[in-house]
Structure formats: structure tokens, C-alpha cells
Amino acid sequence: MDKKADITLEKIVSLCKRRGFVFPSSEIYGGLAAIYDYGPYGVELANNIKQAWWKQMVQLNDNIIGLDSAIFMHPKIWEASGHVAGFSDPLVECKKCHSRLRLDHLLEGCGITADEKMSEEEIGKIFEKNKGKIKCPGCGVSDFTDVKKFNLLVQSNLGNFTSDWQKEPVYLRGETCQGIYVNYKSVLGSARVKIPFGIAQIGKAFRNEITARQFIFRTREFEQMEMQYFVSPEEEMKEYEKLKEARWQFHLSLGIKEKNLSWHKHENLVFYAKAAYDIEYNFPFGFAELEGVHARGDYDLTQHAKFSGQDLSYIDPQTNKKYTPHIIESSVGVGRTFLAVLADAYEEEKIGEEIRTVLKINRHLAPVKIAVFPLLKNKSELVKKAKEIYGKLKKTYMCEFDDNGNIGKRYRRQDEIGTPYCLTVDFDTLEKGDVTVRDRDNMEQVRIKIEDLESYFQGKFSA
Ligand code: GAP
């Protein structure tokens, strides 16, 4: 049977809540739509994903460097980028129950292909043609307003003390890459880089998404991992193909199964784009965008040069040729990667009469690497020895000490959070100086001498 058919989003949401990966934000006040908090294991997994991305982008590439730009930026940046005028989703309202709905999702639900990147006119035409077939998911009635474009930028009154601040709002950034574009000149002047080079950044972004659905897949506050690669016009498409391949390999390196990934080519490109592909993941609700890889031409720096009045061109030190750098980008959400990693790793296995829920997550991403148990809680010599081992291992690995309940229950708990190794101190440990190490995936147990534990785990976690 196809494993995917069994793994529903509800099961993943329930595991996330039960085991402290993800909580609805402000839950004691009834929650806040499309905002989530990452719990104790969630923050570990998210940090491990971000570290893996940073290592692949910055540590392993000599010509990609890091940046951490502010969330608030000069409001003109969002005019230059086109977000103030055009960063919007197509919205219709049901005239009966007044549900506000994203038209491209509504069409998609009726099996009609639409693209969020289509112009208002294009999607409006598709809507007009199919109006009769579309029903409101809230009340079932087919009576909608005309399509409107709804701007996704989140506004703030930062530094504006007047009551009509909405006339001149400051925005919470809608994507992190704008911070990279506007720092391009400072980086060039300070970091001894020359084209081709990249700037990588991880940070929060905010969007007034119309519909809150699919858990952490689409949220109003989320984190992006973006890398913008500055290239010469001639090299743009060659570098783009290299970036596409590197990004595919990155997702495989996280342990995501290749059969659950696919490329989606955007046919309706914005006028300046040379190419746009998404890497899609087979989420429990079907294939959907995990990451965007785009060839953006010289649009970004040309726009910022125009709006800021600054010269953002580049002079090639070898040829002396002057040009505006072209940009290729990789843009992926932390939350979407988190959800893909969980969905890919989630398994339910029948063991006798029981179902074992296990996250067969890549061991480098696992929130806890090693759990240490004394066989019995009330035997002080076992607890003391287990604490001693735990104290040593936690200097290198994220470890957890657990003496609650029987060993079987402790194994199940660690399986559910994806801990690759459980180590038990028993009476033989006191006599022979060895412990049991149990492997999450095949549940096999081996005896390892205490003095060999460090090298044993080094072998397991080095690859
Ligand atoms: N700078 C390009 C850019 O932002 P995008 O396709 O709008 O492109 C890139 O977003 C990635 O950011 C997506 O592939 C997704 O992983 C993530 N993302 C976008 N909107 C999101 C949202 N509302 N919630 C969670 N992740 C989101």
C-alpha cells in the first residue's frame, strides 16, 4: 500500500501538538489564525534544518556569504520591488455567507488549473467562464463578487506618531531577499567578493494570506531561507541550471525521498523573469510548492538603482565591462521544509497488536540524538550511572534523560519524536561496564562498552 495514503495531515498535526513540535499561537486566548509557535522539539528540528541549509549554502561555498538584515526597511523598497502595487492574491467574496476566498484555490478545488502568479485579468477570465461550476466551500451557494486583488503586505505604524499613519505605512517584510538586494553594494565593498557570488539569509517574513489552511504550510508569519546569486548576463542560465541541481540535492540530503519530490515549471512568467521552477513535495494534501528557484534577470538591482538614485552596476575587474548584475535565487520556507521532513519520516508500523508511530527522520535533523535511560527509576546505582553517561554525552549531542514509566513506553515516546538511539543502563552495566544501545529504525539492540560510546556515536553521526 502507498504509505502516503495513510499519512493524513491530521495525524501530523496531532503528533506535533502531543509531542511539543508545533502549537497554535496564543492558544489560551483562542488562537490567532495562520500563526503557529514551535515547541521544545519543534525549535530543535527547525534549528537543525536551518543549520543544514546554512552549511550547504555558506560553509561549503567559498563565494556565498551570510547576511542578517532587519525586518523593517525603508518603505520605498517595497515600491521599487513592485510589492506595493502588485503583491496580491485574487480574492472573491461569497455574497451569501461572506466567506473571503482565494480564487486560485477555489478554482483548483473544482479541478480548474489556475496560477497565483496570473494577472487579475487572466484569472478573472477563467473565473467568468467557470462561474456556474464553482460553489462556496462554506455554504455551497454559487454567488460571488467580482475578483479583486488583495495586497499581502502587512503594514505597521513604526516611527509614525500621527493618526493617519496608514497613508505612509512601514511594512513588515514580505520576503527576506529585498534585504539582500539593498545590501548588495555594501557587501561588494566590504567582503572581497566578485561576480559570481551569492548572499544567503534566514529570517522572518510576513504576508496577509487570505486563507489560513494546511497547518504550517501557509502561515502569515514564517521564516524563509533565501540565497540570491549575482551573475553576469551571459552566465545567468548556466548558473541557474547548476543552482536547480544543487537545490534538488539539498532536499535529498535532508533524507526526503526522491519519489516525493518533483519539478513544476511556471508557464506564466512575470515580464522580467527568465525562468521559474518550483520544487514540489508530495504533502499529505498532494504535491505543492516547497521551494522556488528563479532566474530574475537584472530587474531587482535595476529597480533599486532607479528608486534609490544609487549606482548599483558592477565593473568586471578583468574586462572592465560595466553591467547591472543578474540574479538567480533559491527561496524556501523553514516551515514547509519542516512539514515535508515530518511527512516524509512519519511511519506507522504494526508490531504484534500494537501500532508503533515512528519518525524515521535523518539523524542529523532529529531534535534529540540520544535518549539515556536507567532501567529502573528506584535503583539509585542505575540512576547514578545513567546520569554520569548522560552528563558526558550531552556535551556533544542533544540528549534526553528519561526514567519515567517502563522501558517499552520510553522507547515509544522517543520513536515518536524521532530519536535515533536509546541507551539503557541495567544491572549488567554495573557488572560488565556496557550498556544497551537500541536503533530507532530496526529496533535492534547492541551492547557497547561505556568507554567506547563516544567513538561509537561519532561513527554514527559523522557521515
Ligand atoms: N523571494 C521569492 C519568494 O519569496 P515565494 O514563492 O513567494 O518567493 C518562497 O516564496 C518560499 O517561501 C515558498 O516556496 C515557501 O517555501 C515559502 N513561503 C511563501 N509563502 C509562505 C507562507 N505564507 N507560509 C509559509 N511559507 C511560505
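This is a predicted model: local features need pLDDT of at least 70, side-chain atom pairs count only at pLDDT 80 or more; totals for chains, interfaces and linings use all residues.
Which residues of helix H15 (residues 453-462) are buried?

1. In helix H15, the buried residues are Leu453, Phe457 and Phe461. These residues lie on the same side of H15 because they cover an arc of only 50° around the axis.

2. The opposite face of H15, turned away from its buried side, has the exposed residues Gln458 and Ser462. Buried here stands for under 20% relative accessible area, and exposed for over 50%.

3. The ligand is surrounded by 19 residues. Of these, the closest are Glu175, Glu209, Glu226, Glu289 and Leu290. The shell contains 9 charged, 5 polar and 5 nonpolar residues.

4. Three strands each supply at least two residues of this shell: strand S10 (221-231), strand S13 (286-295) and strand S16 (326-333).

5. In the side chain of Glu209, a polar atom lies 2.7 Å from a ligand nitrogen atom. For Glu175, an N or O atom of the side chain is 2.8 Å from a nitrogen atom of the ligand. Phe217 contributes a polar backbone atom, 3.5 Å from a nitrogen atom of the ligand. On its own the ligand has 550 Å² of accessible area, and the protein covers 93% of it.

Conventions
Residues are numbered from 1 along each chain as its sequence is written. Side-chain values use heavy atoms; hydrogens and water are left out. A residue is near a molecule or strand if one of its heavy atoms lies within 4 Å of it. A polar contact is a pair of N or O atoms within 3.5 Å; within protein, one must be able to donate a hydrogen and the other to accept it, and residues adjacent in sequence count only if both atoms are side-chain atoms. Accessible areas come from the Shrake-Rupley method with a 1.4 Å probe; for residues, only the protein chains shown count as cover. Helices (H or I, at least four residues) and strands (E, at least two) are DSSP runs, numbered from the N terminus. Ala, Val, Leu, Ile, Met, Phe, Trp, Tyr, Cys and Pro count as nonpolar, Asp, Glu, Lys and Arg as charged, and the others, Gly among them, as polar. Buried means under 20% relative accessible area, exposed over 50%, partly exposed in between (1.4 Å probe, protein chains only). The arc is that of the directions from the helix axis to the C-beta atoms.
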